[in-house]
Structure formats: structure tokens, C-alpha cells
Amino acid sequence: MGKPRERDLIRHYVVARYPERRVILGCPLGPVPERLIATWGARKALRVGRGLRPEVDALIFEDSKLVLIEAKILKWLDGLAKLTLYKSLIPSTPELQEYRDWPVEMVLCTPWSMESIEEAARASGIRIDVFITTDIQEYVEELGKYWTSDYKARREERKRAREALGLD
């Protein structure tokens with residue numbers, strides 16, 4: 001559901017917040033599977049194994065620290081959990097060996113926040129950065145309408161129409 005929107009959110013976010021920094025979007029983390037290295041060699045195994053490794057939405061090289069950023073519109077708990085995992089994978093990431101001793105900051109980019117998110121983030125050492133674009137604002141507002149009685153009635157009406165046409 002949120003993937004293309006979250007990709008857009010992270011792109012806009014890094015341009016706005018880190019305009020002069022080196023950025024890797026969709027940066028793979030963790031070790032390359034040994035069986036791939038044995039088959040393809042270390043260099044080619046990095047490319048071949050890319051889809052087998054978790055990817056952080058954005059990795060920023062800022063001064064002498066790394067910034068891991070995960071963008072979440074709705075599933076902020078997933079973002080918090082992923083960030084702590086991603087941080088643990090940096091020392092075993094071949095592409096980041098020269099940076100493995102750098103401090104790591106974790107950031108959850110989200111269009112909204114509330115106390116429970118902030119408390120969970122604080123406890124995990126994660127910074128929340130509220131960031132929203134016009135498109136994301138419209139999407140969030142549309143989601144807010146989903147459970148209203150008017151919207152439920154329209155969904156039921158569409159469902160009955162589909163059933164009458166034999167589409168369901």
C-alpha cells in the first residue's frame with residue numbers, strides 16, 4: 001500500500017534535510033551470503049545478492065557519522081524495529097567497512113507523530129523527524145475518511161453494484 005508513497009517521501013525528505021550530503025537510497029545492509037561469494041566472487045556477489053539483503057530507505061554520510069533513515073507513513077512501529085536491526089548490520093556490511101567505526105544516528109521520517117511513537121523512539125535511540133509533502137498530506141487526509149459512516153456507505157454501495165454485475 002504505502003511503498004511508492006514512502007519512496008516519494010524519502011526522496012523529498014533527503015533533498016530537504018540533507019541537500020549537500022552523500023546519500024544512498026535503498027542501501028543494502030549486512031553480509032553477502034557466503035554461497036554467492038563462492039559462486040560469483042566477492043565483487044559480483046554484491047550485485048547478485050542485493051535483493052537478498054535488507055535495505056534501509058536512506059543512508060546519509062554526514063561529517064563523521066552515518067545517518068540511517070526509514071520513512072513510514074502509517075506503520076511507524078515497523079520503521080522503529082527496522083532501524084535498530086539496520087544499525088546492527090552496519091559492521092557486517094562490506095560496502096561500509098571503512099565507516100564501521102563511525103557513530104550511527106537513526107531517524108524515522110514520518111508525516112505525523114504522537115506520544116507513543118516518540119516514547120518508543122526515545123527508548124530505542126531513534127530520532128523522529130516529522131516531514132510531510134502536499135501529496136502525503138492529501139493521502140493521510142483521505143485515509144482519515146475511510147472509517148467515516150459516509151465512506152463506509154459508499155464502499156457498501158460499490159460492493160453491491162459489483163455483486164449485481166457478477167464481478168465479485
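Across which strands does helix α5 (residues 115–124) lie, and at about what angle does it run to β5?

A: Helix α5 lies across β4 and β5, and it runs at about 145° to β5. The model is predicted, so local features are given only at pLDDT of at least 70 and side-chain atom pairs only at pLDDT 80 or more, while totals for chains, interfaces and linings use all residues. Residues are numbered from 1 along each chain as its sequence is written, and side-chain values use heavy atoms, with hydrogens and water left out. Helices (H or I, at least four residues) and strands (E, at least two) are DSSP runs, numbered from the N terminus. Axes are lines fitted to C-alpha atoms, for helices over the stretch in contact, and angles run from 0 to 180 degrees between N-to-C directions.

The sheet itself is open and has 5 strands in the order β1-β2-β3-β4-β5, with mixed pairing. Its edge strands are β1 (22–28) and β5 (126–130), each of which pairs on one side only. From one strand to the next the twist averages 30°. Two strands count as paired if DSSP finds at least two bridges between them. Strands of a sheet pair through backbone hydrogen bonds, either parallel or antiparallel. For β1 and β2 (residues 55–62) the sense is antiparallel, over 6 bridges; R22 has F61 of β2 as its bridge partner.

A further helix, α4 (residues 76–89), lies across β2, β3 (65–71), β4 (104–110) and β5. Helix α4 runs at about 165° to β4.

The loop between β3 and α4 holds K72. K72 counts as buried because its relative accessibility is 5%; buried means under 20% relative accessible area, exposed over 50%, and partly exposed in between (1.4 Å probe, protein chains only). Contact means heavy atoms within 4.5 Å. Leaving aside neighbours within four places in sequence, K72 is in contact with E6, D78, G79, K82, L108, C109, T110 and P111.

Q97 counts as partly exposed because its relative accessibility is 30%. Not counting residues up to four places away in sequence, Q97 touches I90, P91 and S92. A polar atom of the Q97 side chain lies 2.9 Å from the backbone oxygen of P91. Q97 and L77 are 20 residues apart in sequence and 29 Å apart in space, C-alpha to C-alpha.

Note on methods. A polar contact is a pair of N or O atoms within 3.5 Å; within protein, one must be able to donate a hydrogen and the other to accept it, and residues adjacent in sequence count only if both atoms are side-chain atoms.
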